[in-house]
Amino acid sequence: MSRALTLSRLRDTATPWLLPAAILVGWQAAVSAVFVSNRVMPAPLDVVRAGWEAGRTGELWTNLGVSTLRALAGFAVGGSIGFALGLANGLSRLSEALTDTSVQMVRNVPHLSLIPLVILWFGIGEEAKLFLVALGVFFPIYANTLHGIRSVDPALVEMGRVYGMSRADLFRRVVLPGALPSIFVGLRYALGIMWLTLIVAETISASSGLGYMAMQAREFMLVDVVVLAILIYAALGKLADTLTRALERSCLSWNPAYRSA
Amino acid sequence: MLLDALSRDALPAPHPLVGEATSRAGQHARPPAGRGLSVTVQDLHKSFDGHTVIAGLDLYLPPGGFTAIVGRSGCGKSTLLRTILGLERPTAGRVNVEAPTAASPRAVAPRRIMFQEPRLLPWASVLDNVAVGLTGIGTRSERRDRAAAALAEVGLADKAGQWPATLSGGQRQRVALARALVSGPGLLALDEPLGALDALTRIGMQDLIERIWRSQGFTALLVTHDVSEAVALADRILVMEGGGVALDLRVDVPRPRRRGEPELARLEGRILDHLLGTQPAA
């Protein structure tokens with residue numbers, strides 16, 4: 001019984017990784033059999049070797065650390081502004097009337113199109129990356145927080161009022177928990193945009209970071225390092241997604257849609 | 001019965017400080033005998049966007065009575081209830097809900113409403129949902145104790161830690177009833193609270209409401225579509241029509257009432273005749 005359970009759990013854990021593993025094996029086989037030139041695509045083992053090398057010299061960790069710090073700083077700044085403005089506009093008609101139209105206009109400008117302007121303003125310093133990431137993260141957090149608050153069941157709000165909840169109580173016990181599922185959707189979008197923006201910004205204008213590492217490798221035709229950088233992006237994206245899911249499961253366990261099996 | 005469960009003796013007092021807080025709240029939960037509130041409605045008018053729903057209605061509900069309002073959809077019965085509860089502002093006229101004896105405003109028992117839907121917070125446990133009924137009353141641990149007692153009264157003590165999503169429709173409505181009753185209200189308004197339940201669950205809930213009303217002595221005001229429900233529960237039935245009271249009937253059948261009693265059936269027939277007879281010819 002418990003053995004069968006362990007086996008089935010093992011299968012559940014292993015299934016999502018079958019496809020990536022198969023691709024890896026096929027890839028290695030293709031390169032080893034010289035179907036594919038290793039100038040175009042390095043073998044997985046070469047990538048592992050490149051990773052090992054970059055890790056040994058410390059170059060990988062420095063760049064990874066720099067990029068992570070930038071990503072988190074930009075996320076913290078843009079995310080908190082977006083969250084605060086989303087709350088304000090969700091709760092106050094006046095605040096929404098004042099700011100929402102402007103926000104919607106700016107939202108339709110692709111934030112990466114600002115890169116030339118940002119380089120003019122900040123050069124290639126840290127501010128440029130922080131600004132772009134913060135701007136990119138702002139919109140999904142803002143829009144989903146606002147939507148979450150707007151879609152809180154008015155019947156529950158009325159119930160809270162009838163039972164004598166103060167405005168602060170109403171916010172803490174009814175409005176915020178009701179908006180949370182939508183806020184999490186915004187969070188996941190924002191995390192994706194955070195990495196995207198950062199990598200683009202680092203690729204175009206930086207003197208450190210993962211994007212810079214990949215660009216540097218391109219100049220020296222180090223295809224394995226380029227592929228290494230791309231795989232690290234994939235891993236970071238997956239990591240961010242896993243963390244958000246875990247957070248969702250613990251915060252939204254009341255919701256049958258999020259309950260773990 | 002709920003009162004007994006809520007009295008200070010029934011509550012555990014783990015240390016003296018809590019014991020003291022409990023005794024204060026115990027007084028709140030048990031106002032002087034006959035804590036029911038009286039309701040006086042004078043020349044009430046209510047209209048929405050120029051459409052008149054209630055036109056010049058006068059009504060007096062004595063403390064501790066059980067009144068049912070029946071009428072066809074759109075006759076204004078829910079609006080009247082919401083206006084009495086202060087959820088709607090009268091267009092004209094006055095609504096007074098007051099304690100019969102001049103008590104200090106703090107001692108007046110609260111008014112509570114049970115809606116058509118349970119309106120439970122899906123992100124709060126069943127126990128915490130009941131404790132919403134004690135917002136602003138007592139300490140946290142005391143609220144939990146009283147909520148647990150109220151849950152036991154509606155027969156859901158074992159569901160305290162669950163999420164509302166795991167309960168059946170009838171159980172959710174019982175949680176909503178416990179939430180409405182946990183503070184020991186002086187007026188309980190019931191806005192078709194059983195409309196969405198199946199027939200058997202309904203009858204169980206009616207018995208539960210009647211039993212608690214008899215033991216607690218609050219003023220009950222029930223709005224319903226279901227004439228047999230009104231006849232089974234109320235000691236006075238108002239039939240609303242055209243924004244006013246068309247029929248005001250006393251139900252003098254002793255309790256507990258047996259379902260299908262000829263006296264009740266006769267009364268039900270009379271009300272239905274009135275409701276159907278006034279239907280405009282199609």
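Biologist: How many residues does the contact take from chain B, and how many from chain A?

Modeller: The contact takes 13 residues from chain B and 14 residues from chain A. Two residues are in contact if their C-beta atoms, placed from the backbone, lie within 7 Å. This is a predicted model, in which local features need pLDDT of at least 70 and side-chain atom pairs count only at pLDDT 80 or more, while totals for chains, interfaces and linings use all residues. Residues are numbered from 1 along each chain as its sequence is written, and chains are lettered from A and ligands numbered from 1 in the order in which they are written.

Biologist: What are the confidence scores of the model, and where in chain B is confidence lowest and highest?

Modeller: The model scores ipTM 0.78 and pTM 0.79. For chain B the mean pLDDT (the predictor's confidence in each residue, from 0 to 100) is 83, and 84% of the residues reach 70 or more. Within chain B, the lowest mean, 36, belongs to helix α2 (residues 16–29), and the highest, 96, to helix α4 (residues 126–131). Over residues 1–33 of chain B, pLDDT stays under 50, and the model has 48 contacts beyond four places in sequence for that stretch.

Biologist: How is chain B divided into domains?

Modeller: Domain 1 of chain B covers 1–30 + 122–185, and domain 2 covers 40–109 + 186–282; such bounds come from an automatic or database domain assignment. The contact takes 13 residues from domain 1 and 15 residues from domain 2 of chain B. On the domain 1 side, the elements giving two or more residues are α1 (2–6) and α6 (169–181) of chain B. Helices are DSSP runs of H or I with at least four residues, strands are runs of E with at least two, and both are numbered from the N terminus. The largest share of that side, 6 residues, comes from α6(B).

Biologist: Why is Val225(A) called buried?

Modeller: A residue is buried if 20 or more other C-beta atoms lie within 10 Å of its own, exposed if 12 or fewer, and partly exposed in between, with C-beta atoms placed from the backbone. Val225(A) has 24 other C-beta atoms within 10 Å and is therefore buried. Val225(A) lies in helix α10 of chain A. Leaving aside neighbours within four places in sequence, Val225(A) is in contact with Ala50(A), Ala54(A), Met213(A) and Ala217(A). Val225(A) and Ala54(A) are 171 residues apart in sequence, yet 8.5 Å apart in space, C-alpha to C-alpha.

Biologist: Why is Asp207(B) called partly exposed?

Modeller: Asp207(B) has 14 other C-beta atoms within 10 Å, so it is partly exposed. Its place is in helix α7 (residues 199–216) of chain B.

Biologist: What makes Asp43(B) exposed?

Modeller: Asp43(B) has 12 other C-beta atoms within 10 Å, so it is exposed. Asp43(B) is in strand β1 (residues 38–48) of chain B and has a positive phi of about 45° although it is not a glycine.

Biologist: Why is Met221(A) called exposed?

Modeller: With 9 other C-beta atoms within 10 Å, Met221(A) is therefore exposed. Met221(A) lies in the loop between α9 (210–219) and α10 (223–251) of chain A, and its phi is positive, about 60°, although it is not a glycine.

Biologist: Which residues touch the most other members of the largest nonpolar core?

Modeller: A nonpolar core is a set of buried Ala, Val, Leu, Ile, Met, Phe, Trp, Tyr and Cys residues joined through C-beta atoms within 7 Å. The largest one has 118 residues, of which Met194(A), Val130(B) and Ile237(B) touch the most other members. Helix α6 (residues 126–150) of chain A gives the most to this core, with 15 residues. The core also draws at least three residues from each of domain 1 and domain 2 of chain B.
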